[in-house]
Amino acid sequence: QLSCLLKMVTLHGIPEDLDSYPKDLLLFLSPSDYAATGSCSQFFINVGRANVDVLPREAPERQQLLLGALACLRIPGTQITEENGRILGWLLCDLGGEYIRSSGGSLLKDLSQCGAFLPDQEEAIRDVISSGNTTFGPPAAWSAFTLSELSGLIPVLDHSILQQIPK
């Protein structure tokens with residue numbers, strides 16, 4: 001339905017008020033099409049706020065959006081800053097384990113919003129947390145506030161991490 005609606009909306013070109021339409025429409029629009037109405041980073045900020053469940057994780061469009069966002073933000077390697085993480089929004093949930101490791105703890109809070117992870121992502125999250133080199137510090141220094149900030153990551157934590165967290 002969204003794809004069909006987008007075709008109707010863009011029948012005579014990209015409308016200038018495209019940002020006022022539901023963000024979910026942008027999932028089916030290419031960043032280059034959007035370029036006439038705004039910057040690519042604004043496009044990906046809006047995409048990052050769209051409903052992640054509209055596109056299944058395996059959908060090629062979802063992978064294309066992630067690759068387009070990384071190119072738009074000119075991310076040369078696998079290290080994502082906290083600011084770029086916020087721009088990516090839910091697209092962070094599709095980053096591979098190498099991005100999570102390279103970015104250290106800067107993505108943990110945003111990743112906790114993802115809900116589900118692939119095995120390599122889970123392993124990378126555990127590696128980052130176990131290192132203790134995050135803004136949250138080592139698990140032995142965590143508080144109830146820390147756990148609430150990272151609540152979405154709790155299912156990923158293994159026994160060795162959980163036993164370090166103070167009661």
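These are my notebook entries on what I looked up in this predicted model.

**Ground rules**

I am working from a predicted model, in which local features need pLDDT of at least 70 and side-chain atom pairs count only at pLDDT 80 or more, while totals for chains, interfaces and linings use all residues. I number residues from 1 along each chain as its sequence is written, and side-chain values use heavy atoms, with hydrogens and water left out.

**Overall make-up**

I began with the elements and found 10 helices and 0 strands in the chain, where helices (H or I, at least four residues) and strands (E, at least two) are DSSP runs numbered from the N terminus. I then looked up burial, for which buried means under 20% relative accessible area, exposed over 50% and partly exposed in between, with a 1.4 Å probe and protein chains only. Of the 167 residues of the chain, 41% count as buried. For contacts, meaning heavy atoms within 4.5 Å, I noted that residues 24 or more positions apart account for 53% of those with a separation of 6 or more.

**The pair α3 and α4**

I asked at what angle helix α3 and helix α4 pack. Helix α3 (residues 40-48) and helix α4 (residues 60-72) meet at about 140°, and their axes are 9 Å apart; the axes are lines fitted to C-alpha atoms, for helices over the stretch in contact, and angles run from 0 to 180 degrees between N-to-C directions. The two helices are therefore oblique to each other, given that angles under 35 degrees count as roughly parallel, over 145 as roughly antiparallel, 65 to 115 as roughly perpendicular and the rest as oblique. I recorded the crossing of α3 and α4 as left-handed, which is the term used if the near helix is turned anticlockwise from the far one by less than a right angle, with right-handed for clockwise.

On the α3 side the contact is made by Cys-40, Ser-41, Phe-43, Phe-44 and Val-47, and on the α4 side by Leu-65, Gly-68, Ala-69 and Cys-72. I sorted the residues of this contact into 7 nonpolar, 2 polar and no charged, with Ala, Val, Leu, Ile, Met, Phe, Trp, Tyr, Cys and Pro counted as nonpolar, Asp, Glu, Lys and Arg as charged, and the others, Gly among them, as polar.

**The largest nonpolar core**

Next I looked for a nonpolar core, which is a set of buried Ala, Val, Leu, Ile, Met, Phe, Trp, Tyr and Cys residues joined through side-chain atoms within 4.5 Å. The largest one has 43 residues, and Phe-44, Val-47, Leu-91, Leu-111 and Ile-125 touch the most other members. At least two residues of this core come from each of α3, α4, α5 (82-88), α6 (97-102), α7 (108-111) and α8 (119-131), and the largest share, 5 residues, comes from α4. Not counting residues up to four places away in sequence, I find Val-47 touching Leu-26, Leu-27, Leu-65, Trp-90 and Leu-91.

Is Ser-112 buried or exposed? Ser-112, in the loop between α7 and α8, counts as buried at 8% relative accessibility. Leaving aside neighbours within four places in sequence, I list Glu-149, Leu-150, Gly-152 and Leu-153 as the contacts of Ser-112. Glu-149 itself is in helix α9 (residues 144-149) and is buried, with a relative accessible area of 18%. With residues up to four places away again left out, Glu-149 touches Lys-109, Ser-112 and Phe-136.

I found Val-52 in the loop between α3 and α4, where Val-52 is partly exposed with a relative accessible area of 25%. Its C-alpha atom is separated by 9.2 Å from that of Cys-114, 62 residues apart along the chain, and, apart from neighbours within four places in sequence, Val-52 is in contact with Arg-62 and Trp-90.

Asn-84, in helix α5, counts as buried at 15% relative accessibility. Asn-84 touches Leu-73 and Ile-75, not counting residues up to four places away in sequence.

Last, I noted Arg-74, in the loop between α4 and α5, which is exposed with a relative accessible area of 73%. Arg-74 has a positive phi of about 55° although it is not a glycine; most residues other than glycine have a negative phi.
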